[in-house]
Amino acid sequence: MTCDLTLRDVRSVARIVNLAHRFNCRITHVQAAVGELETSARFAFDGPPVALTRLRAQIDRIIAYESVA
């Protein structure tokens with residue numbers, strides 16, 4: 001699974017890495033570029049399909065929370 005994300009809080013990169021570990025998914029690639037107002041990040045994950053689905057759902061929740069906050 002690959003995710004291209006635009007994040008407002010740079011700490012969300014660490015949150016996503018920790019979530020991947022929690023869901024027993026392996027991170028195969030991480031690339032992040034920090035700008036003044038946002039962070040662009042690209043992640044690639046490997047793992048069981050159910051775990052990847054759950055991980056993606058949690059990543060979507062982080063993105064939704066950042067949009068509201």
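## A residue in a loop

N24 lies in the loop between α1 and β2, where helices (H or I, at least four residues) and strands (E, at least two) are DSSP runs, numbered from the N terminus. The structure is a predicted model, in which local features need pLDDT of at least 70 and side-chain atom pairs count only at pLDDT 80 or more, while totals for chains, interfaces and linings use all residues. Residues are numbered from 1 along each chain as its sequence is written, and side-chain values use heavy atoms, with hydrogens and water left out.

Most residues other than glycine have a negative phi. N24 is not a glycine, and yet its phi is positive, at about 60 degrees. With a relative accessible area of 64%, N24 is exposed; the word exposed stands for over 50% relative accessible area, buried for under 20%, and partly exposed for what lies in between (1.4 Å probe, protein chains only).

## The sheet and the helix packed on it

Three strands make up an open sheet in the order β1-β3-β2, and their pairing is antiparallel; two strands pair if DSSP finds at least two bridges between them. The edges are formed by β1 (2-7) and β2 (26-34), each of which pairs on one side only. On average, and with direction ignored, neighbouring strands of this sheet are turned by 15 degrees against each other. Axes here are lines fitted to C-alpha atoms, for helices over the stretch in contact, and angles run from 0 to 180 degrees between N-to-C directions.

Strand β3 (residues 39-46) pairs with β2 in the antiparallel sense over eight bridges, and the two strands form a hairpin with four residues between them. Two of the facing positions can be looked up in the structure: R26 stands opposite D46 in β3, and A32 has A41 in β3 as its bridge partner. Helix α1 (residues 11-22) packs on the sheet, touching β1, β2 and β3, and its direction makes about 10 degrees with that of β3; contact means heavy atoms within 4.5 Å.

C3 is found in strand β1 and is buried, with a relative accessible area of 1%. Leaving aside neighbours within four places in sequence, C3 is in contact with A41, R42, F43, F45, R56 and I59. Between the C-alpha atoms of C3 and E36, which are 33 residues apart along the chain, the separation is 21 Å.

## Salt bridges

A search of the whole structure finds five salt bridges, each being a side-chain nitrogen of Lys or Arg within 4 Å of a carboxyl oxygen of Asp or Glu. In one of them R42 pairs with D4, with the closest N and O atoms 3.0 Å apart. This pair links distant parts of the chain, since R42 is in strand β3 and D4 in strand β1, 38 residues apart. R42 is partly exposed, with a relative accessible area of 38%, whereas D4 is exposed at 53%.

The side chains of D60 and R56 also meet in a salt bridge, at 3.0 Å from N to O. These two residues are four residues apart in helix α2, so about one helical turn separates them. D60 counts as partly exposed at 36% relative accessibility, and R56 is partly exposed at 28%.

D9 forms a salt bridge with R11, the closest N and O atoms being 2.9 Å apart, and R11 is exposed, with a relative accessible area of 54%. D9, R11 and R15 are linked in a network of salt bridges.

## A buried glutamate

E66 is found in helix α2 (residues 49-68). How far away is the nearest side chain of opposite charge to E66? That side chain belongs to R15 and is 5.0 Å away, and E66 is buried yet has no salt bridge; for charge, Lys and Arg count as positive and Asp and Glu as negative, while His and the chain ends are not counted.

The side chain of E66 does, however, reach the backbone nitrogen of R8 at 2.7 Å. Apart from neighbours within four places in sequence, E66 is in contact with L7, R8, D9 and S12.

Terms used
A polar contact is a pair of N or O atoms within 3.5 Å; within protein, one must be able to donate a hydrogen and the other to accept it, and residues adjacent in sequence count only if both atoms are side-chain atoms.
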